[in-house]
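This report concerns the contact between two chains of a protein assembly. Please consult the sequence and the structure shown here while reading.

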Protein chains: 4
Amino acid sequence: VDDALTLADVERLAADRLPRAALDYYASGADDEVTLRRNRAAFEARALYPRVLVDVARVDPSTTALGTPLPMPVLVAPTAFHRLAHPDGEAGTARGAGAAGVPMILSTLATMSVEEVAAAATGPLWFQLYIFKDRGATRALVDRVVAAGCRALVLTVDAPVIARRDRDARNGFSLPPELGLANLPAAGAATPAGERTHGGVAGVFADYLDPSVTWRDLDWLAAQTRLPIVLKGIHRADDAVRSVDHGARAIVVSNHGGRQLDGAVASLDALPPIAAAVDGRVELYVDGGVRRGTDVVKALALGARAVLLGRPILWGLAVGGDRGVARVLGMLREELERAMALCGAPTVAAIDRSLVG
Amino acid sequence: VDDALTLADVERLAADRLPRAALDYYASGADDEVTLRRNRAAFEARALYPRVLVDVARVDPSTTALGTPLPMPVLVAPTAFHRLAHPDGEAGTARGAGAAGVPMILSTLATMSVEEVAAAATGPLWFQLYIFKDRGATRALVDRVVAAGCRALVLTVDAPVIARRDRDARNGFSLPPELGLANLPAAGAATPAGERTHGGVAGVFADYLDPSVTWRDLDWLAAQTRLPIVLKGIHRADDAVRSVDHGARAIVVSNHGGRQLDGAVASLDALPPIAAAVDGRVELYVDGGVRRGTDVVKALALGARAVLLGRPILWGLAVGGDRGVARVLGMLREELERAMALCGAPTVAAIDRSLVG
Amino acid sequence: VDDALTLADVERLAADRLPRAALDYYASGADDEVTLRRNRAAFEARALYPRVLVDVARVDPSTTALGTPLPMPVLVAPTAFHRLAHPDGEAGTARGAGAAGVPMILSTLATMSVEEVAAAATGPLWFQLYIFKDRGATRALVDRVVAAGCRALVLTVDAPVIARRDRDARNGFSLPPELGLANLPAAGAATPAGERTHGGVAGVFADYLDPSVTWRDLDWLAAQTRLPIVLKGIHRADDAVRSVDHGARAIVVSNHGGRQLDGAVASLDALPPIAAAVDGRVELYVDGGVRRGTDVVKALALGARAVLLGRPILWGLAVGGDRGVARVLGMLREELERAMALCGAPTVAAIDRSLVG
Amino acid sequence: VDDALTLADVERLAADRLPRAALDYYASGADDEVTLRRNRAAFEARALYPRVLVDVARVDPSTTALGTPLPMPVLVAPTAFHRLAHPDGEAGTARGAGAAGVPMILSTLATMSVEEVAAAATGPLWFQLYIFKDRGATRALVDRVVAAGCRALVLTVDAPVIARRDRDARNGFSLPPELGLANLPAAGAATPAGERTHGGVAGVFADYLDPSVTWRDLDWLAAQTRLPIVLKGIHRADDAVRSVDHGARAIVVSNHGGRQLDGAVASLDALPPIAAAVDGRVELYVDGGVRRGTDVVKALALGARAVLLGRPILWGLAVGGDRGVARVLGMLREELERAMALCGAPTVAAIDRSLVG
């Protein structure tokens, strides 16, 4: 991973190392992968209009997200099943993110418990939540999350049901039985883990997740905890405004990395109307297709406060465990600083709408 | 066909099974197939803007078309020569459609008579009509259609003459002599069926179909029957308004699957101005390029009440007879329900214009 | 050529038969051939919006151009060096065009004299003219053209100098010495033909053609003859208006088949603003990329009265002499009639702006 | 190089001759080379609208740049390390440019001193400057530049830091130790040249160039010299206006040939808003992707007074030393004259906005 020059290099290294089914699970999108490609194309299509003759001797990409200091406007996106990528699993990711000072958003579908990951973590943790059919179990998980010291709850709202990812279906992908999902309600109970998770994530969705969740459930959730709530998976300005009205503190403009509704708008393209609609009342993050430092600049110029980095973290983990994760974040940071310097934007505050066309 | 995951899989299976000339007859478009490709590209180009936090525990894609209840907003498009695909021919298609609860629009150019198909059918039948040069024969066919219990007449208006499909011309495609066209006027008369249909569909057009048909003939047709009349092959808002004025009850925005006027606008792109012009006075359907559940959502968001599914039905028939047809419809339904859930649209009424960009 | 189904087929047949240098001379465009490709792409990009329920039992594509009756809105474009394609040369083309009833525009750079071609011609001839440095010689050629019975003068204005066609330069293309250019001023004089034309068309330009020609020379030319003058090679609305002001009777919106200024606008795209500007005061023709009957409909819908067909005529000539030319025109006519029927436009008058998007 | 027909031919010849690392150093762009491709695509996307019936018997592409007469609106762009391409280095380029009468903009990162190049030069020289961390050294270099007779200072402002060019990084590109950078401050001092430049241009940037340069430093520089100052690397209208306000005499709209901020707008696309904003108060030049005579016409039509030609000069130098450089400029001039003739623009003053769409 030390030889890697770009995140794309790390992806290639990971592709050599991971079994096909795991690689496809991480890499694939829903159906025809139109949105997966569209996410990336949206970043490439935008043009930058750099400023010149700005003092960039010191470039400072630091910012905050919900009060958490960030060394750069990047968060580790919640992704599932890290032990598929590396034996250290989410604990490795947490150590790597911590080494880079970047908060990690731990997934409900982690292969290690929030307690284990929190114990290993050297930096801030946030927690990605699904609302279970069993609200009591949901409440119990939130309590664990709070107890483990997580600082924010990221409620995923673009997955009321699971999409079909054709590659997984063709591969017959399922989570190996020895990898349990320690954050699911019955974790540690008598039901064998292997049985619960057969068929991969689809089984989890069918068994646990509640497709009937509405804005009222968001209100209920907000009443259970003092943690700030982030809604992940918003595509529309009206839903963004409604999020604000229901007390969400931040929004992740996201299409789940192209893994849920195929044909959904590219997340970068969905961002500007949402930024206009919320007008600064909540923080906006965006994910899906971030691969270069210039992508972060584009996202911020279009209204995001930070980006979430998903698959590249998994490539880094697969290739080098925590060191790989830290390396991926370090490479992105180096690229971002260079991009900011070349844009004449020595701070994130200097990244304004006029930088991108 | 049970292994097929997508309609594209069924197409590949059918391509392995069908003779080249039959495959090409079904698959091809007119001339350079620009419109054939454009139909599909139009669906891929549209972006979805899903709603979140909507209760989608129960997704109900049911609707109606001219009063006929539909389990989902899909009709089986009229297509010719089903016995080329499978010995069960249109009867097989009718059984498959019936198993899925989806109305079948039987083609005038069927290789089985409307009576035979009606006898086999387990679900509602509509009938696709051409107006013959011989109006008496046209009237006689309408009477047969009514007697057979069909519930609507779908008058094709984009084929005053037959286009050239270069693949058919190169293959020297003609209907095998043992396959008769039992709905044509002289069916059962002394003229041998093989003689009548040589040269494939071109001979039929030359011999029977009337290129002089105008709006007056539509008025004449309407006077012959109490069945609702649907006009299939409308591309323009002015023609759509005129259809309403002449008493059509529904319109299929269609370019005949790219098989008639090459260069014609993609049917999905033709839909919005027509929807604006008719403003709900008649039902609108669209066909051409529907291959995914999300395509159905896009069509409905842009103003259609239902889509017609053509070639995929033939692929299903070729691969598995009635079971193949039912499987294709079942796959599409499953995809549609998932797409509706992921769009936050649990009913077809919830699919509004804002879902698509 | 009888097996050919499309003009593209004839092109392939011609490519098998012609020597590489001749093929490239005909097929190539200037420089990087951007405009050559753009001409064709412009036709493919336009969408047709056909009318339905129009009586198309009789489709009549006939029209007139400058009073000359045309069986269809097509003229044979002026192209050089027909004896490169076939021993019958321009006489063969003239007979083929005449068989189809289509006027031929004979090129100044013909390998047969206007008198020879007129003698062979069975249909109307127009003559394409360059203004020579020697105005007297120009006048003399005009007199010959009139005497030979040509009905219009088509003055090419997009070639004040010759472009470089990289393929010709790489092939070292030159006209074989046995092929003379019998319409050039000194034709029949002592200078050997082979010497005059070495280096292909570039030598001709350098030796004869006048890069200083202006609108005043057009006035001069108009004073020499009562033949109607057509300006070929107009790309701009202001030049079109000026053409009208200087008494031109028609304009060919043309970029010389992509053979002169590479990067020039596609001729089809240049047409609508010109049509708006001249507002019917002169006839408009267009050439460059016409390969299908639907292309003719698109051109007429956008304001042309007729199209000029260039390279396909040469392919037909190469493959079958006069029969090949007639076959090409016959195929195009058949396609055009079908396209008009499918557009609900039984006459050229019915082809209006609304048919194309 | 005499066989070359186009600049692309010269590039191919150079690619055969240069070592891979040198070739990649010259050819590559930053990161994913999006802007590198975009520069070229922007030229290809523009359409020309030529005028006809203009006297183009004499085409005169001459103009001036900051009072320096130019035989055509072309300057030799500043590029680094010419001795990588040919032993004659920048002296060879200067002789070739002089033979064509085209001013050369000598790079600070030249492998020959400004004095050596000035001694060899047969035409006008301008000098490209970076402001060093050591302002005294900067002043000293400016004094040398003035003494050597350079007529303008071109201050590069799009490189406060060096971008990463992935190809160079993968090749481990560094300047061979025997090639010194004779214009750098310590040139001639004890520090061995090889040591100073290891790591290629990145080391130079880190060691010498000042990322803190702002508009005030421009004011400082302007106070040091009476040479006109040109700002190279402007992408935005606001920065262009500010350049005018700070006394710049000309602007090069440039993204450093796609070698600095990847994702930056194509320079040709950045030109029109800048031209509108400065409204003739300073001269505008553009570079990045010029390969054809028609590209020069497009640049001028969109507001440039001249273009800078970079990589093709290096290809010419690599293939034929000064003769190669002169040949490249001669080919471009020939193409430009032909393009102007075909556009009906016999002088650069006749190239107006209406020529390009």
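The model is predicted. In it, the contact draws 33 residues from chain C and 31 residues from chain D. Together the two chains bury about 2,600 Å², and 58% of this area lies on carbon and sulfur atoms. On the side of chain C, the greatest losses of area to chain D fall on C:Arg164, C:Arg236 and C:Leu261, which together account for 26% of what that side buries.

Polar and charged interactions also occur across the interface of chain C and chain D. The rule finds five salt bridges there, and one salt bridge joins C:Arg164 to D:Glu335, with the closest N and O atoms 3.0 Å apart. There are also 13 residue pairs in polar contact, both residues being at pLDDT 80 or more.

Several elements of chain C each supply at least two residues of the side that touches chain D:

| Element of chain C | Residues |
|---|---|
| α3 | 34-45 |
| α7 | 166-171 |
| α10 | 215-224 |
| β7 | 229-234 |
| α11 | 237-245 |

By residue class, the side of chain C that touches chain D comprises 16 nonpolar, six polar and 11 charged residues.

Which rotation superposes chain C on chain D? The rotation is 90°, with 0.0 Å of shift along its axis, and the RMSD is 0.0 Å. The two copies are therefore related as by a four-fold rotation axis. Within chain C, the residue that comes closest to the rotation axis is C:Ala45, its C-alpha lying at 11 Å.

Methods: Residues are numbered from 1 along each chain as its sequence is written. Chains are lettered from A and ligands numbered from 1 in the order in which they are written. This is a predicted model: local features need pLDDT of at least 70, side-chain atom pairs count only at pLDDT 80 or more; totals for chains, interfaces and linings use all residues. Side-chain values use heavy atoms; hydrogens and water are left out. Contact means heavy atoms within 4.5 Å. Buried area is the accessible area (1.4 Å probe) that two parts lose on being put together, summed over both. A salt bridge is a side-chain nitrogen of Lys or Arg within 4 Å of a carboxyl oxygen of Asp or Glu. A polar contact is a pair of N or O atoms within 3.5 Å; within protein, one must be able to donate a hydrogen and the other to accept it, and residues adjacent in sequence count only if both atoms are side-chain atoms. Helices (H or I, at least four residues) and strands (E, at least two) are DSSP runs, numbered from the N terminus. Ala, Val, Leu, Ile, Met, Phe, Trp, Tyr, Cys and Pro count as nonpolar, Asp, Glu, Lys and Arg as charged, and the others, Gly among them, as polar. Copies are superposed by least squares on the C-alpha atoms of residues with pLDDT of at least 70 in both.
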